[in-house]
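Hi there,

Here is the structure I promised to pass on to you. Have a look at it first, and my notes follow below.

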Amino acid sequence: MSIERRSNPDSRCGEAGGDRLTRRKTFALGATLSLLPVLGSTIRAEAKSNVAKGNTCQQVPGLMLRTIGTVEVTAVSDGVSTLPLDVVPNADPFVANELAEAAYLPPNAPIPIAINTYLIRSGGKLALVDTGGGRFFGPSAGVLQQNLKAAGVHPNEIDILILTHLHPDHVAGMTTDDGRAVFPNAMLFVHEAELTYWNDDGNLSRAPNVQKPWFLMARRALKPYLKKIEPLTVNGQTVLPGVNAEELPGHTPGHTGLRIASGSDQMLIWGDIIHFPHLQLPEPDWGLSFDVDTTQFIATRRRTFAMAAADRMLVTGMHLGFPGFGHVTTNGPTGYAFIPESWRYAP
Ligand SMILES: [Zn+2]
């Protein structure tokens with residue numbers, strides 16, 4: 001996997017590469033002369049010149065730390081991809097365009113979809129929730145490793161992997177191209193219904209052609225971890241101190257969120273409750289063509305929205321615009337809205 005190559009996919013970012021080289025040279029010079037105060041001022045000056053050049057291709061690392069009581073949750077971006085409106089079969093295209101316009105998104109265009117993962121530190125353990133889409137979701141996705149590095153986390157340090165479900169955008173980042181574990185020291189929590197579903201050859205043969213490779217990808221992703229899987233079997237099962245599994249079935253049979261509670265704080269990581277915030281909050285009944293049971297998942301989504309709004313609970317999820325922390329409110333007789341939380345000086 002070549003993160004370095006894909007971190008700068010757009011030729012318009014040429015200046016960024018040049019700046020990286022300049023910065024490396026500056027570090028070498030600083031290290032040689034041990035002129036740390038001078039080095040510091042040089043870096044600050046270069047950071048300023050990056051902005052002045054209009055170089056927007058290199059964003060700050062996609063990380064945001066949020067504490068829930070004593071539990072540390074860091075949203076780690078795997079980047080962003082796009083999906084067409086076609087994957088929302090019962091969306092009214094006219095209404096979808098109105099909602100896109102209201103969200104300042106271009107109409108009749110591929111819809112951006114964030115891919116988020118989460119580090120959770122609790123009880124002396126470090127867990128990673130989902131592993132992003134690896135190299136399968138375009139040049140602006142698959143950047144989990146680069147953001148973990150920016151967070152100072154080496155893959156060997158991950159004690160626990162928790163998978164919300166086994167779709168490719170959640171599992172492709174956990175196994176190398178030659179079939180090795182990217183997180184070799186991690187044990188793995190995943191719902192047993194998920195393992196059963198994706199390992200069933202009957203389900204594979206009945207799946208639409210476009211989804212058949214997903215079964216093979218899920219099996220391949222799990223393979224180097226098979227001896228270390230701890231199936232989730234009970235709603236509310238504890239995976240880390242203060243972190244409990246929450247069954248949210250429908251998108252896939254074992255789709256699972258995480259409810260984090262510590263002190264008086266609570267947060268729900270709701271997995272894939274929604275993929276398109278600007279569409280599925282106002283229109284919760286707009287399911288996806290790849291929901292395994294759309295009817296069940298619409299009920300799960302409505303129940304989750306209602307709970308989050310009534311309890312004023314902090315939520316986040318894999319496809320909310322990064323970092324995706326915020327609250328759900330009611331909006332009209334049957335819809336909802338998402339109020340993103342502002343960046344916090346103290347996490
Ligand atoms: Zn997903």
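Is Asp130 buried or exposed? Asp130 is buried, because its relative accessible area is 0% (buried means under 20% relative accessible area, exposed over 50% and partly exposed in between, with a 1.4 Å probe and protein chains only).

Before the rest, a word on the source. This is a predicted model, in which local features need pLDDT of at least 70 and side-chain atom pairs count only at pLDDT 80 or more, while totals for chains, interfaces and linings use all residues. Residues are numbered from 1 along each chain as its sequence is written, and side-chain values use heavy atoms, with hydrogens and water left out.

**Overall**

The protein chain has 11 helices and 14 strands (DSSP runs numbered from the N terminus: helices are H or I with at least four residues, strands are E with at least two). Of its 347 residues, 48% count as buried. Among contacts (heavy atoms within 4.5 Å) with a separation of 6 or more, 69% are between residues 24 or more positions apart.

**The zinc site**

The zinc ion is coordinated by Asp169 (OD), His170 (NE2), Asp272 (OD) and His319 (NE2), at 2.1 to 2.2 Å. Donors here are N, O and S atoms within 2.8 Å of the metal (3.2 Å for Na, K and Ca); water is not among the atoms, so sites may look incomplete. The spacing of the donor residues in sequence is D-H-x101-D-x46-H. His170 lies in helix 6 (residues 168-171) and Asp272 in the loop between strand 11 (265-269) and helix 10 (277-280), so this pair ties together parts that are 102 residues apart in sequence. His170 and Asp272 are both buried.

**The nonpolar core**

The largest nonpolar core has 41 residues, and Ile158, Leu161, Met174 and Phe183 touch the most other members. (Such a core is a set of buried Ala, Val, Leu, Ile, Met, Phe, Trp, Tyr and Cys residues joined through side-chain atoms within 4.5 Å.) The largest share of this core, 5 residues, comes from helix 9. Leaving aside residues up to four places away in sequence, Leu161 touches Leu128, Thr131, Met174, Phe183, Ala186, Met187, Leu188, Phe189 and Tyr225.

**The second largest pocket**

This pocket has a volume of about 390 Å³. It is lined by 21 residues, of which Leu83, Phe137, Asp169, Trp214 and Phe290 are the closest to its centre. On a 1 Å grid over the protein atoms alone, a pocket is an open set of points with protein on both sides within 12 Å along at least five of seven lines, and lining residues have an atom within 4 Å of a point. Grid points are joined across faces, edges and corners, and the volume is the space filled by probe spheres set on the points.

**Backbone details**

Most residues other than glycine have a negative phi, and most peptide bonds are trans. Asp130, in the loop between strand 4 and helix 5, has a positive phi near 70 degrees. Asn108 also has a positive phi, of about 50 degrees. Asn108 sits in the loop between helix 4 and strand 3 and counts as exposed, at 71% relative accessibility. Phe322 and Pro323 are joined by a cis peptide bond, with omega about 0 degrees.

Best wishes

Notes:
On a 1 Å grid over the protein atoms alone, a cavity is a set of points where a 1.4 Å probe fits but cannot get out, and a pocket is an open set with protein on both sides within 12 Å along at least five of seven lines; lining residues have an atom within 4 Å of a point.
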